[in-house]
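This briefing covers a computed protein structure. It is arranged by topic for quick reference.

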Amino acid sequence: MSLIGATFGALKSSGEGAYIPYVCCGDRGTEFTVKLVRTLAKAGADIVELGLPFSDPLADGPTIQAAMVRALSSGFTTQSLFDTISRIRDDGIGKPIVVMTYYNPVVRMGVDAFCEKLSKVGGDAVLTVDLPIEESRQLDDAAGDNGLDVIRLVAPTTSDARAREIMGQATGFVYAVSISGVTGAKDTLPDTAVSLLGRLSRISSVPVALGFGISNQGQVRDAISAGASGVVEGSALINMYSQSSQDEESVLDLIEKHSRGIKSATRFISDEETQKERL
Amino acid sequence: MTADGYFGRFGGFYVPEVLVFALKELQAGYRRFSQDSDFKDDLHNLLCTYAGRPTPLYFAKRLTDVVGGASIYLKREDLAHTGSHKINNALGQALLAKRMGKSRVIAETGAGQHGVATATACALLGLDCEVYMGETDVERQKLNCYRMNLLGAKVNVVRSGSRTLKDSINEAMRDYASTSDHTHYLIGSVVGPHPYPTMVRDFQSVIGAEAKEQTLAQTGRLPDALVACVGGGSNSIGLFHPFAEDKEVQMFGAEAAGEGIETGRHSASVVAGREGVLHGSRTLILQDDDGQISETASVAAGLDYPAVGPEHAFLSGIGRAKYSAVTDREAVSAFHQLSEAEGIIPALESAHAMHLATIVARDLGSEKALVVCLSGRGDKDVDQIARLEGML
């Protein structure tokens with residue numbers, strides 16, 4: 001079983017959901033990326049999603065777009081991503097790393113070469129936002145050859161039949177998109193997310209992580225009780241450092257505190273069960 | 001082409017999962033209505049009574065004499081309603097959107113011609129219309145912006161990325177991801193995921209179908225060559241496609257060399273691009289070694305796009321069509337040449353085709369004939385040219 005599979009297995013037996021923060025690699029420099037990942041790991045992140053910036057991120061809202069622009073304009077390259085992952089591993093952080101990107105940077109490097117390199121530096125999975133199951137065979141093969149999981153997306157508009165097909169091919173976990181739209185922090189969990197999680201849990205037992213719009217503990221508890229095995233938080237974290245005028249140390253402290261809170265909300269299942277037991 | 005929207009290895013369906021449902025619905029809708037005789041009759045009727053089709057095929061005798069070579073025929077898409085070939089596709093897709101029960105249409109636009117055509121079709125059919133236009137393009141095409149407003153459309157100024165056509169497509173896709181239940185995304189070129197490259201080509205093929213009939217009627221034979229400009233490549237594919245099986249007819253595409261290929265400030269994706277995936281298609285793209293999309297340049301806003309329709313990548317690969325790049329300077333010179341020789345002011349996009357046509361005409365020599373797609377009229381560019389030449 002992959003490290004990601006084992007992570008979800010262990011969380012399930014301890015009655016927790018996975019906390020999966022998204023970090024835009026190279027935003028504020030790769031030095032900051034490493035520090036941020038270290039902070040998040042310390043705060044209890046179970047898996048890290050590391051974004052490889054792309055110039056034309058059409059599934060992302062303004063927050064992640066701006067982060068990608070900042071990273072790319074400071075000279076970030078695909079090699080910088082691999083170097084950053086190496087440094088994270090050298091730092092002794094062993095959490096599974098999912099690289100989230102768009103397909104073109106992968107195609108440019110060569111799908112096989114990309115997967116080989118990612119595996120070599122210690123990455124665990126790849127998620128290409130604009131690669132639906134119809135087009136993903138080449139990546140599936142290359143990822144499989146290199147022991148990487150391919151994380152697939154499902155959306156509120158994905159039919160049951162299609163969701164069954166996607167989940168049937170799933171490795172690691174499936175990423176459920178909470179809304180029909182783009183990434184960006186929101187305050188509450190939309191109804192579309194709750195009904196999607198319900199549908200997916202009836203279709204398959206593959207772990208499902210919910211993302212797009214996650215920013216607070218209330219949403220996390222709602223997601224977990226609606227059947228999610230984990231949550232992905234991206235834009236909200238980026239907002240915390242990009243909109244702050246505080247020094248780096250204070251910002252990282254704030255992020256750590258916030259992320260501990262999010263992580264604690266993923267323990268809602270066990271809390272709920274404990275409460276039931278008490279009653 | 002295969003059923004999956006592939007042209008050889010180009011094309012395909014590279015989209016986020018949030019767009020899959022809407023695009024499959026569109027594929028099914030297009031499959032259904034493209035074979036529906038009522039739909040085809042309605043569209044044909046609109047093209048004839050509203051859009052001014054068929055557009056003339058005009059023998060440019062004075063230009064032919066000046067150039068000295070093959071006879072140059074102009075397919076006068078500039079005389080279509082709204083001033084360019086864009087109306088052919090806009091009417092087709094707007095009619096389709098209406099049949100599919102959509103109440104709102106969104107579009108991207110570069111030069112503004114597609115935005116104006118879409119706003120026009122929406123006004124005609126009673127559909128809400130919003131057009132995404134890059135801030136850079138809004139500045140150089142102010143008049144088209146105002147025209148869209150006059151037609152009742154809302155123009156959303158795009159300030160992300162390079163603020164040109166590619167960024168407008170990104171924004172329109174983001175809008176579509178959250179609104180596709182009631183919105184149709186009316187893409188203006190033969191780019192994007194399946195079914196767009198096929199559907200837009202089919203709606204634009206009226207250009208080539210008419211040109212074929214008209215050349216036969218006027219000269220008694222097929223032309224020896226076809227010439228058209230290529231940004232995303234809709235007017236060119238529209239002209240080329242009906243001649244695909246006529247192997248004796250050569251095809252030439254004029255891309256934008258901007259300030260020169262060697263300067264890196266151009267938009268010539270077939271000539272200088274590399275294979276990749278952008279906006280839903282595998283095609284030829286101007287990009288760096290890491291697969292980041294390059295910023296492009298051209299005096300013609302409508303050609304200022306870092307990729308090309310996948311069918312052009314395919315036609316280039318198999319050698320069926322030849323692509324070369326025309327600089328800003330050459331295009332501006334052709335703009336003047338046609339204005340003076342024939343009393344026709346071409347769009348700057350079409351001026352790229354006019355320049356290439358003069359070269360092809362000389363190469364072919366007299367006794368031969370070629371058809372150039374004069375894709376749009378140049379009124380929108382007069383202000384820009386006047387400023388460029390210090391007249392304003």
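The model is predicted. Chain B holds 16 helices and 14 strands, and the largest pocket has about 480 Å³ of space. A search over all chains finds zero disulfides.

**Chain B overall**

- The C-alpha atoms of chain B occupy a box of roughly 55 × 45 × 40 Å along the principal axes.
- Of the 392 residues in chain B, 67% are buried.
- Among contacts in chain B with a separation of 6 or more, 73% are between residues 24 or more positions apart.

**Largest pocket**

- The space in the largest pocket comes to about 480 Å³.
- The lining of this pocket has 24 residues, and the closest to the pocket centre are A:K12, A:S205, A:V206, A:P207 and A:S229.
- Three helices of chain A each supply at least two lining residues: helix 1 (3-13), helix 9 (191-203) and helix 13 (268-278).
- Helix 1 of chain A gives the most to the lining, with five residues.
- By type, the lining residues divide into eleven nonpolar, ten polar and three charged.

**A:A209**

- A:A209 lies in strand 8 of chain A, which covers residues 208-211.
- The relative accessible area of A:A209 is 0%, so this residue is buried.
- Leaving aside neighbours within four places in sequence, A:A209 is in contact with A:I20, A:F173, A:V174, A:Y175, A:A176, A:G230 and A:V232.
- A:A209 and A:T128 are 81 residues apart in sequence, and their C-alpha atoms are 16 Å apart in space.

**Cysteines**

- The search of the whole structure gives zero disulfides over all chains.
- A:C24 is in no disulfide, and the nearest cysteine sulfur, in A:C25, is 7.5 Å away.
- A:C24 is buried, with a relative accessible area of 1%.

Notes
Residues numbered from 1 in each chain as written. Chains lettered and ligands numbered in written order. Predicted model: local features only at pLDDT ≥ 70, side-chain atom pairs only at ≥ 80, totals over all residues. Heavy atoms only, no water. Disulfide = S-S within 2.5 Å. Buried < 20%, exposed > 50% of the residue type's maximum accessible area, 1.4 Å probe, protein only. 1 Å grid on protein atoms, 1.4 Å probe; cavity = no way out; pocket = protein on both sides within 12 Å on 5 of 7 lines; lining within 4 Å. Points joined across faces, edges and corners; volume = space filled by probe spheres on them. Helix = DSSP H or I, 4+ residues; strand = E, 2+ residues; numbered from the N terminus. Nonpolar A, V, L, I, M, F, W, Y, C, P; charged D, E, K, R; others polar. Contact = heavy atoms within 4.5 Å.
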